[in-house]
Amino acid sequence: MDFKDPLIEAIMKDCIEELALFGGSPSFPEKLHVGRPNLGDRERFLARVNEMFDRNWLTNNGPLVQELEQKLAGMLGVRNCIVLCNATVALEIAVRALGLTGEVIVPSFTFVATAHSLQWQEITPVFCDIDPDTHTLDPQAVRRMITPRTSGIVGVHLWGRPCNVEALTEIAESHNLKLMFDAAHAFGCSHNGKMIGNFGNAEVFSFHATKFFNTFEGGAIVTNSDELAAKIRLMKNFGFAGYDNVIYVGTNGKMTEICAAMGLTGLESLDDFIAVNHRNYRRYSAELADIPGVSLIKYNDKERCNCQYIVLEIDEGKAGLNRDYLVEVLHAENVMARRYFYPGCHRMEPYRSYFPHAELLLPNTERLAQRVMSLPTGTAVDEEDIKAIGRIIRLAVSHGGEITGRLAKTKTGLI
Ligand code: T4K
């Protein structure tokens with residue numbers, strides 16, 4: 001296929017026959033993904049890796065891991081940072097170290113790892129509804145979900161936007177519950193001027209390759225409790241408190257030196273990554289302005305924010321087509337928009353079988369799971385790409401009814 005400039009291609013498309021979904025050529029020659037890794041300076045990374053080989057120290061709390069922990073703790077202003085192999089294991093360890101049992105209140109509108117980290121340890125995730133504006137736990141709903149078996153609350157700072165930390169803290173304190181945050185999306189973000197990482201009993205970051213700051217795979221637990229941190233350090237290393245001396249059940253949650261090398265290198269470019277995300281956000285905001293039924297979620301510009309997710313809500317009534325049809329249009333153009341976090345954990349197994357009527361208590365989750373989508377951003381996306389994506393969305397919405405009619409017919413087998 002003969003590919004041209006995506007912007008020119010997208011500008012030229014002015015009727016739906018030209019959309020790739022209906023036989024036109026895709027606007028982008030290659031797939032444009034959500035979650036393309038941001039890479040720091042390759043030479044700096046390779047130099048660190050060479051030094052690592054010279055030392056012949058590859059894992060088990062090596063010097064690069066220690067340096068990364070110190071740098072992260074300093075940057076976040078938190079007493080303890082323990083880096084781990086990924087955020088899922090970090091969540092599992094934090095849950096265990098905090099002694100959570102029985103039932104724990106969590107949002108369903110999150111990546112499934114939040115719920116799995118509980119269920120994996122036979123703790124029941126009790127799915128709670130979210131605030132329709134912030135997409136984070138609704139404190140009033142949290143109060144209603146508390147039972148005598150509740151031991152804790154896991155809030156999720158979804159898209160990097162902080163939970164209502166004050167209300168959740170008040171609820172946790174008044175009911176003697178532990179409070180932790182899945183801050184997988186919120187590294188580098190602040191709440192009331194304080195860096196995320198300082199709230200609740202502990203917070204967990206993800207440094208997965210798809211996050212704006214990555215260590216290939218990786219994560220961290222941060223806490224201002226020295227006692228909790230000491231326990232977590234033991235738990236991530238099989239429970240060893242010294243040679244031959246195991247004092248807890250533990251697991252292997254250690255981060256390797258090569259992952260820490262990636263993290264240390266990424267930290268040196270962190271401000272650039274964030275600046276690119278903000279610039280992309282402003283461009284998307286301009287390109288998508290005034291498209292009926294398409295709204296870009298807002299970030300609080302008075303706080304520090306990594307802006308790593310470009311999240312849209314699609315109102316089918318105004319756009320003329322639903323989120324799923326818009327995603328189909330974009331995928332055909334090689335824009336790999338994602339339906340994070342469809343369909344909600346409560347509609348995934350095993351939770352769907354355990355709680356077949358959970359949706360009755362989750363109206364906002366249900367609604368948002370049908371309306372929300374994420375678009376590509378980060379250093380892999382430039383101004384021309386965003387303009388082209390904006391034009392595809394504008395074209396699709398301006399022919400929303402027609403696209404809906406055609407796709408509905410295809411799906412019902414009428415054509
Ligand atoms: N809590 C929350 C709220 C989370 O969002 C996550 C993870 C976790 C906990 C657990 O954190 P980790 O245990 O992963 O540290 C991705 C990520 O794998 C996952 O880390 C992330 N959240 C989630 C939101 O997104 P998928 O299933 O969408 O990944 P995948 O393989 O489809 O990758 C996304 C896109 O990124 C691909 O279409 C292509 C691109 N990509 C991906 C990788 C790995 C690349 O271009 N290069 C790459 O190396 O889950």
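User: Where is the place of T114?
Analyst: A quick note before we start: the model is predicted, local features need pLDDT of at least 70, side-chain atom pairs count only at pLDDT 80 or more, and totals for chains, interfaces and linings use all residues. Residues are numbered from 1 along each chain as its sequence is written, and side-chain values use heavy atoms, with hydrogens and water left out. Helices are DSSP runs of H or I with at least four residues, strands are runs of E with at least two, and both are numbered from the N terminus. T114 has its place in helix α5.

User: Is T114 buried or exposed?
Analyst: Let's check the cut-offs: buried means under 20% relative accessible area, exposed means over 50%, and partly exposed is in between (1.4 Å probe, protein chains only). The relative accessible area of T114 is 1%. That makes T114 buried.

User: Which side chain makes a polar contact with the side chain of T114?
Analyst: A polar contact is a pair of N or O atoms within 3.5 Å; within protein, one must be able to donate a hydrogen and the other to accept it, and residues adjacent in sequence count only if both atoms are side-chain atoms. For T114 the distance is 2.9 Å. The partner is the side chain of D182.

User: How many residues surround the ligand?
Analyst: The closest are R36, T88, D182, H185 and Y340. Helices α4 (87–97) and α5 (113–119) each supply at least two residues of this shell. The number of residues surrounding the ligand is 24.

User: How many residues of the shell are charged?
Analyst: Ala, Val, Leu, Ile, Met, Phe, Trp, Tyr, Cys and Pro count as nonpolar, Asp, Glu, Lys and Arg as charged, and the others, Gly among them, as polar. The shell has 9 nonpolar and 11 polar residues. The charged ones number 4.

User: Where does the ligand sit?
Analyst: On a 1 Å grid over the protein atoms alone, a pocket is an open set of points with protein on both sides within 12 Å along at least five of seven lines. A molecule sits in one if more than half of its atoms lie within 2 Å of its grid points. By that rule, the ligand sits in the largest pocket.

User: What is omega for the peptide bond from Y340 to F341?
Analyst: Most peptide bonds are trans. The bond from Y340 to F341 is cis instead, and F341 is found in the loop between β13 (335–336) and α13 (351–354). P343 lies in that loop too, and a cis bond with omega about 0° joins Y342 and P343. For Y340 to F341, omega is near -5°.

User: Is N192 buried or exposed?
Analyst: Most residues other than glycine have a negative phi. N192 has a positive phi of about 50° and lies in the loop between β7 (190–191) and β8 (194–195). At 57% relative accessibility, N192 counts as exposed.

User: What is the relative accessible area of N334?
Analyst: Here's another positive phi in a residue other than glycine, near 75°. N334 has its place in the loop between α12 (323–332) and β13. N334 is buried, and its relative accessible area is 11%.

User: What separates the C-alpha atoms of L362 and H346?
Analyst: L362 lies in the loop between α13 and α14 (363–371). L362 is buried, with a relative accessible area of 0%. Along the chain, L362 and H346 are 16 residues apart. Their C-alpha atoms are separated by 9.2 Å.

Conventions
Near = heavy atom within 4 Å. 1 Å grid on protein atoms, 1.4 Å probe; cavity = no way out; pocket = protein on both sides within 12 Å on 5 of 7 lines; lining within 4 Å.
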